[in-house]
Amino acid sequence: MVNGMELERTIVSKVEELHRVFPCVMVTGARQVGKSTLLKSLLPEGMNYITLDDELMLSRAKDDPAGFLEEMGRPLCIDEVQYEPRLLRAIKMKVDETGEPGQYWLTGSQRFHLMQGVSESLAGRVGIVELYSLSQSEATGKGGGAEPFDPENIKERLAAPVCDINELYERIWYGGYPRLYKYAGTSPEDYFSAYLSTYIARDVRALTQVGDTSAFLRFMQAVAARTAQQLVYADLAKEADVSPNTAKRWLSVLETSGIIDILPPYYVNTSKRLTKSPKLYFADTGFCAWLGGWTTPRVLQQGAMAGPMLETWAYGQLRRSYCNRGIRAKLSYYRSGNGAEVDFVLERDGKLFPMEVKRSSSPRLSDLSAVAGIPLAPGVTLRPGLVLCTATQILPLGRGCHAYPISMI
């Protein structure tokens, strides 16, 4: 971990690339993942920075969006722009005056509601990237040169840092929120308590009417306990003691604000036996572990959630690997009608790359047995599988398949 040091973010090169091409650049992501810090560190000469977290700025923007932009000038970085969506239409009018790139940088913590406004007002005018909390390469000080995970060329990553299972679960338990790394000695307990209060006070109340915050916390804890599982609203509602409609609405809030991700199932239209229920994953394992009451990495490693949390971590690292380079990877999972499952399926260039997560340092080829059942669309080929595991080196499993250390993703 790189406590006390400035953190290199892999996404920097993508932001700079979009700045050269688009009139606007939008960085979305959950609260406190480092959006503001990232853009402040990259501000081009002459670009002003404002935040709509500032009540005075927000009031002025609400009173007269077009006049506000005129007063602030260009180029301009607007943080938390979702608090005044009418600014997006005013920005459209401004950028269309010249069409030149690099006029506005925007951030927002409510990705789907915000994206709706962006797609309506700024279509074709904005380059969009999504920022997550730190990847393990960023948290270990190697974020600048991190490349997207390529399951077809895994041996090119032999120089990637590897850790043992104890350190891996320390990474999982700690999570990736930048403040925990930048300020040495920050207690995860103190940080996540404050984070939860801020999250409920700002994002949750902005997105829905939550009268009983203790019930919402109970719901979040129930969701945390179901990370890496199929999403069944009735079961989740029962466990959280809320109605199914409330569970759907509140889960949408968690997804909209970047707390969870929803992983769709892989299926081919002609296949009738595949389940169509998605799986849910917490976006940050540290927050998930705190909500679940896992007080130390060792307790987590030895507890009932050790497997699901490992899978959640693997999913998060894969997702960060692509998002940090601005790549929209098509990830899904496969589950047959009789319950055979492959944790992740990556679709790319007419190829399917199956990946299974195992809490083992010596996985076997049989761990990929469910891969044979994956149906293929015409023209699509199935590539050899990977077992993402706790080994400390890449190991051949036979038939072109390999075991791959999760700590190298």
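Search the whole structure for cavities and you find two of 30 Å³ or more. A cavity here is a set of points on a 1 Å grid over the protein atoms alone where a 1.4 Å probe fits but cannot get out, and lining residues have an atom within 4 Å of a point. Grid points are joined across faces, edges and corners, and a volume is the space filled by probe spheres set on the points. Keep in mind that this is a predicted model, where local features need pLDDT of at least 70, side-chain atom pairs count only at pLDDT 80 or more, and totals for chains, interfaces and linings use all residues. Residues are numbered from 1 along each chain as its sequence is written, and side-chain values use heavy atoms, with hydrogens and water left out.

Start with the largest cavity, which holds about 90 Å³ of space. Its lining has 16 residues, and those nearest the centre are Ala30, Val33, Tyr132, Gly258 and Ala283. By class, that lining splits into nine nonpolar, three polar and four charged residues; Ala, Val, Leu, Ile, Met, Phe, Trp, Tyr, Cys and Pro count as nonpolar, Asp, Glu, Lys and Arg as charged, and the others, Gly among them, as polar.

The second largest cavity comes in at about 60 Å³. It has 13 lining residues, with Ala283, Thr285, Trp313, Gln317 and Arg320 nearest its centre. Strands count as paired if DSSP finds at least two bridges between them, and β7 has four antiparallel bridges to β8 (residues 279-282). One to look up is Ile262, whose bridge partner in β8 is Leu280. Contact means heavy atoms within 4.5 Å; axes are lines fitted to C-alpha atoms, for helices over the stretch in contact, and angles run from 0 to 180 degrees between N-to-C directions.

From α13, step to helix α12 (residues 233-240): the two pack at about 100°, with axes 8 Å apart. That makes them roughly perpendicular, the word for angles of 65 to 115 degrees (under 35 is roughly parallel, over 145 roughly antiparallel, and the rest oblique). On the α12 side, Tyr233, Leu236 and Ala237 meet Pro244, Ala247, Lys248 and Leu251 of α13. The contact has six nonpolar residues, no polar ones and one charged.

Helices α10 (residues 188-207) and α11 (residues 213-224) have axes that come within 12 Å and cross at roughly 105°, and are therefore roughly perpendicular too. Leu196, Tyr199, Ile200, Val204 and Arg205 of α10 meet Thr213, Phe216, Leu217 and Met220 of α11. By class that is seven nonpolar, one polar and one charged.

Two residues sit between the strands, and Arg399 takes a positive phi near 55°.

How values were computed. On a 1 Å grid over the protein atoms alone, a cavity is a set of points where a 1.4 Å probe fits but cannot get out, and a pocket is an open set with protein on both sides within 12 Å along at least five of seven lines; lining residues have an atom within 4 Å of a point.
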